[in-house]
Amino acid sequence: SSGINAEWPLRPGRNKMVDKDGKLTQTRTVLCGLGAGVMEAIVIVCPMETVKVKFIHDQNQPNSKYKGFFHGVKEIVKQEGIRGTYQGLTATILKQGSNQAIRFFVFNNLKSSFQGGDNSKEIGIARTFLCGGIAGAASVFGNTPLDVVKTRMQGLDRHLYRNTLHCAQEVLKHDGVKGFYKGTVPRLGRVVFDVAFVFTIYEQTMKLLDYVWKTD
């Protein structure tokens, strides 16, 4: 076995970040997670989340204008252009970047503690699931405020905010600090299991790929 670690989902990218002993430092682990989150936000998450949030808000209005999800996408692009699907990009980048940075940092450190300094040591599915769940919980408590701001910036009331900072100021002004943690409990229940399963499946998949994809 080559002792694969789950610090970075793109193996060639990860290999460029490791030291001469094949390990990632704490700082580089955070940077890898941050980089993955930023790319995820720009390419996938922001446009998908913007459309989703607008569609949900629209369906809660007395006279909804979107006949369905795809019709909603068509109308948003027609009225606002592609830019309309990238509302709240700054908040999304901050949210996704911190999200993955926290998850990979926590998971990597928990996994390393179980390995006891031996990177080739297997920690088992149960412990991997546990590490993933804790990493997911940490990300919820660490960036729910950013998620709240992101959601508001992508909703139908987007026009009420000049920018991401102004949105955060308005939340604090009208709802106080607790306003930044709305939806924490339901999000916690979903994310903990979501991240636990993702890391567990990822680890098992990497073991399989290790037989056919050898890297230095």
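Q: Hi! How many disulfides does the structure hold?
A: The structure holds 0 disulfides, where a disulfide is a pair of cysteine sulfur atoms within 2.5 Å. Keep in mind that this is a predicted model: local features need pLDDT of at least 70, side-chain atom pairs count only at pLDDT 80 or more, and totals for chains, interfaces and linings use all residues. Residues are numbered from 1 along each chain as its sequence is written, and side-chain values use heavy atoms, with hydrogens and water left out.

Q: OK, and Cys131, buried or exposed?
A: Cys131 counts as buried because its relative accessibility is 0%; buried means under 20% relative accessible area, exposed over 50%, and partly exposed in between, with a 1.4 Å probe and protein chains only. Cys167 is buried too, with a relative accessible area of 0%.

Q: Which residues make up the largest nonpolar core?
A: There are 10 residues in all, among them Phe104, Phe107, Cys131, Ala135 and Phe199. A nonpolar core here is a set of buried Ala, Val, Leu, Ile, Met, Phe, Trp, Tyr and Cys residues joined through side-chain atoms within 4.5 Å.

Q: Which helices supply at least two residues each?
A: Those are H4 (89–115), H5 (124–154) and H7 (184–209). Helices (H or I, at least four residues) and strands (E, at least two) are DSSP runs, numbered from the N terminus. A second, separate core has 7 residues, including Ala91, Met153, Tyr161 and Cys167.

Q: What does Ala135 contact?
A: Leaving aside neighbours within four places in sequence, Ala135 is in contact (heavy atoms within 4.5 Å) with Arg103, Val106, Phe107 and Phe199.

Q: Switching to the surface: which residues form the nonpolar patch?
A: Met39, Ile42, Val43, Ile44, Met48, Phe69 and Phe70, with about 730 Å² of accessible area together. Areas come from the Shrake-Rupley method with a 1.4 Å probe, and for residues only the protein chains shown count as cover. Patch residues have over 30% relative accessible area and no salt bridge; like charges are joined within 9 Å, nonpolar side chains (Val, Leu, Ile, Met, Phe, Trp, Tyr) within 5 Å. A salt bridge is a side-chain nitrogen of Lys or Arg within 4 Å of a carboxyl oxygen of Asp or Glu.

Q: Which helix gives the most to the nonpolar patch?
A: H2, with 5 residues.

Q: And where does Tyr86 lie?
A: Tyr86 lies in the loop between H3 and H4. Tyr86 touches Ile42, Val43, Cys46, Pro47 and Thr50, not counting residues up to four places away in sequence.
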